[in-house]
Amino acid sequence: MENVVELNDLNFDKEVKESNLPVLVDFYATWCGPCRKQIPVVSNIADKFAGKVKVGKLNVDEGQRKSMEYGIASIPALMVFKNGEVVESVSGLHSESQLAMLLHKYAS
């Protein structure tokens, strides 16, 4: 997971909102079964889109302020940010091909 940035309430704005690249954010929790299944998928996507899309993950238990700000009601939740704004949002478990199709629209 070397290409995945660990996000929190303190670094979120700098890493996501101020990023020059589109950013995929995975909102997750360690106790969430589907979230654990999503981890290798997100990691593979981070590797495939390295240099084109930044990928980060935010533990909703540790990043409660940002989770509330973006209305995260169920996890896993994935949001794509471009120029600091949410441009796509999906929830639930997604395959690598589904996420790749989603990101191709925004990849640099």
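In the predicted model, Gln-38 is placed in helix 2, which spans residues 33–48. The relative accessibility of Gln-38 is 0%, and the residue therefore counts as buried, the limit being under 20%. Beyond its neighbours up to four places away in sequence, Gln-38 is in contact with Asp-26, Pro-76, Leu-78, Gly-92, Leu-93, His-94 and Leu-99.

One of these partners, Asp-26, is also touched by Ala-77. Ala-77 belongs to strand 4, residues 77–82. With a relative accessible area of 6%, Ala-77 falls under the 20% limit and is therefore classed as buried. Its contacts, again leaving aside residues up to four places away in sequence, are Val-25, Asp-26, Phe-27, Ile-72, Val-90 and Ser-91. The ring of Tyr-28 in turn carries the charged end of Lys-57 over it, at 4.5 Å from the ring centre.

Strand 4 is paired with strand 5 (residues 85–91) in the antiparallel sense, and six bridges join the two. Within this pairing, Leu-78 has Val-90 of strand 5 as its bridge partner. Leu-78 is among the contacts of Gln-38, while Val-90 is among those of Ala-77. Strands 4 and 5 form a hairpin in which two residues stand between them. Asn-83, located in the turn, adopts a positive phi of about 55 degrees.

Aromatic side chains were examined next. Across the whole structure, four aromatic pairs are found. In one of them, Phe-12 and Tyr-70 have a centre-to-centre distance of 5.6 Å and an angle of 35 degrees between the planes, and the pair is tilted. Because Phe-12 lies in helix 1 (residues 12–17) and Tyr-70 in the loop between helix 3 (64–69) and strand 4, this pair ties together parts that are 58 residues apart in sequence.

Phe-81 is buried, its relative accessible area being 1%. Together with Phe-27, the residues Phe-12, Tyr-70 and Phe-81 make up one aromatic cluster. Phe-27, a member of this cluster, is also in contact with Ala-77.

The structure contains one disulfide, formed by Cys-32 and Cys-35 with their sulfur atoms 2.5 Å apart. The torsion about the S-S bond is about 75 degrees, and the disulfide of Cys-32 and Cys-35 is therefore right-handed. Cys-32 and Cys-35 are both buried.

Terms used. Residues are numbered from 1 along each chain as its sequence is written. This is a predicted model: local features need pLDDT of at least 70, side-chain atom pairs count only at pLDDT 80 or more; totals for chains, interfaces and linings use all residues. Side-chain values use heavy atoms; hydrogens and water are left out. Helices (H or I, at least four residues) and strands (E, at least two) are DSSP runs, numbered from the N terminus. Buried means under 20% relative accessible area, exposed over 50%, partly exposed in between (1.4 Å probe, protein chains only). Contact means heavy atoms within 4.5 Å. Rings of Phe, Tyr and Trp (its six-membered ring) pair if their centres lie within 6.5 Å; planes under 30 degrees apart count as stacked, over 60 as edge-to-face and the rest as tilted. A charge sits over a ring if NZ of Lys or CZ of Arg is within 6 Å of the ring centre and within 35 degrees of the ring normal. Two strands pair if DSSP finds at least two bridges between them. A disulfide is a pair of cysteine sulfur atoms within 2.5 Å.
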